[in-house]
Amino acid sequence: MQAVILAAGQGTRMRPLTESLPKPMLPVADRPLVAHTADVAVEAGASELVIVVGYEADTIRTYFGDEYRGVPVTFARQETQAGTADAVRAASDSLDGPFAVLNGDNLYDSDSIETLFGSGPALATYRVANPSNYGVISVDSGRVSGIVEKPAHPPTDRANTGAYVFPETAREWLDVPESERGEHEITDVVSRVIEQFDVTPVELDRWLDVGRPWELLEANEWHLAELDRRIAGDVSDDAELRGPVVVEAGATVEPGVVIDGPALLRSGATVGPNAYVRSGTLLGENVHVGQSVEIKNSVVMADSNVPHLSYVGDSVLGRDVNLGAGTNVANLRHDGADVRITVKGERVSTGRRKFGVVAGDGVKTAINTSLNAGVVLSAGATTTPGETVTRDR
Ligand code: TTP
């Protein structure tokens, strides 16, 4: 069965990290987010991956090429991001027979997707504490009986996770009218399918919709925890690597460094001397973490530098970021409340007591900069020496 992977979205809630990188290409452990979606499709037996691209399409095309883990890959282009039904429609000429659809920015557990792919017309659900934020699925006598988008009074706690197996005829039903929020949504296609077919609900063991910056941290927490210890790089005898630490070939760990796993140092990363890398940290390709730096539960994307005397906790640093000596990140409020950040102009809770900052590509802080918890720095933002940053810029 072919698997359609939706990866054309603009990822506006993930800005500034998606200013020039499509969300599906953000790093989650040792590969892009969308590669994890592709992995579960391949492991579930997909015969072909049809990846729908649009926003910043070339990086996705280049990453996959025409084959992924032995499975052929084709691309469909969605010209404007007009909604998920429209995205599947862009792929429909490439489809033949029943087909699966997965969101290219969601993490699914592999076993459940295998069950989904083997279940005929089917839809994957996940039980959530706050169903009003999702499409909500009703089930009756073991069959999906309804789907309703973000209801004020949710009939169940089963969220729609954007993973489906559609019957072949659903290809003819993709041209749905615009919804209230101005998109052509797959929910309307699903409604028609459940009217005419028996659709099996498949409950996922684990699921994460990666839409906002702290969810990128959660995605990394998930996949870093699955790493087995592997030391292929150059590690000083005077460094201490505890637990599941991966040091890829071409990465360097200098004397006096302590690394608590799970942690991943990608090729070209250099750490130390005398640095402390704590669990849940991803250091991307060619990242440099230097003398007297402590970095904890953070994602540092390729080519960034945290060279001297810094603390970085629970943060996401984009590509080519440079933190000046003595830059420190606050990741906890004194009142102990969950840290809030601004997403698309709205203040929202991260649901995390500990959250640091988000820095877009090319951010440069000056020496002794203090960054307050929840601050978002746009791509290319700078600070002045000794500055305390409490508002986004
Ligand atoms: P969303 O998360 O709704 O959209 P997005 O990824 O663009 O993010 P944001 O809301 O922050 O702007 O999309 C769900 C999935 O569908 C995701 O994998 C992207 C994909 N998608 C498309 O491929 N085309 C589209 O037109 C839309 C809206 C989404």
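The second largest pocket has a volume of about 360 Å³, in a model that is predicted. A pocket here is an open set of points on a 1 Å grid over the protein atoms alone, where a 1.4 Å probe fits and protein lies on both sides within 12 Å along at least five of seven lines. The volume is the space filled by probe spheres set on the points, which are joined across faces, edges and corners.

**Ground rules**
- Residues are numbered from 1 along each chain, and side-chain values use heavy atoms, with hydrogens and water left out.
- Local features need pLDDT of at least 70 and side-chain atom pairs 80 or more, while totals for chains, interfaces and linings use all residues.

**Who lines the pocket**
- Helix 1 gives the most, with 4 residues.
- The lining splits into 7 nonpolar, 3 polar and 10 charged residues, where Ala, Val, Leu, Ile, Met, Phe, Trp, Tyr, Cys and Pro count as nonpolar, Asp, Glu, Lys and Arg as charged, and the others, Gly among them, as polar.

**Two domains**
- The assignment gives domain 1 (2–210) and domain 2 (224–389), with bounds from an automatic or database domain assignment.
- Both domains give residues to the pocket lining, so the pocket lies between them.

**Helix 1**
- Helix 1 is largely enclosed by the rest of the structure, because 10 of its 11 residues are buried (under 20% relative accessible area, with a 1.4 Å probe and protein chains only).
- Among the buried ones are His36 and Asp39.
- Just after helix 1, Gly45 takes a positive phi of about 95°.

**Asp314**
- Asp314 sits in the loop between strand 29 (311–313) and strand 30 (316–317), and is buried, with a relative accessible area of 2%.
- Its side chain makes a polar contact of 2.8 Å with that of Lys296 and one of 3.2 Å with that of Asn297; such a contact is a pair of N or O atoms within 3.5 Å, and within protein one must be able to donate a hydrogen and the other to accept it, while residues adjacent in sequence count only if both atoms are side-chain atoms.

Terms used
1 Å grid on protein atoms, 1.4 Å probe; cavity = no way out; pocket = protein on both sides within 12 Å on 5 of 7 lines; lining within 4 Å. Helix = DSSP H or I, 4+ residues; strand = E, 2+ residues; numbered from the N terminus. Buried < 20%, exposed > 50% of the residue type's maximum accessible area, 1.4 Å probe, protein only.
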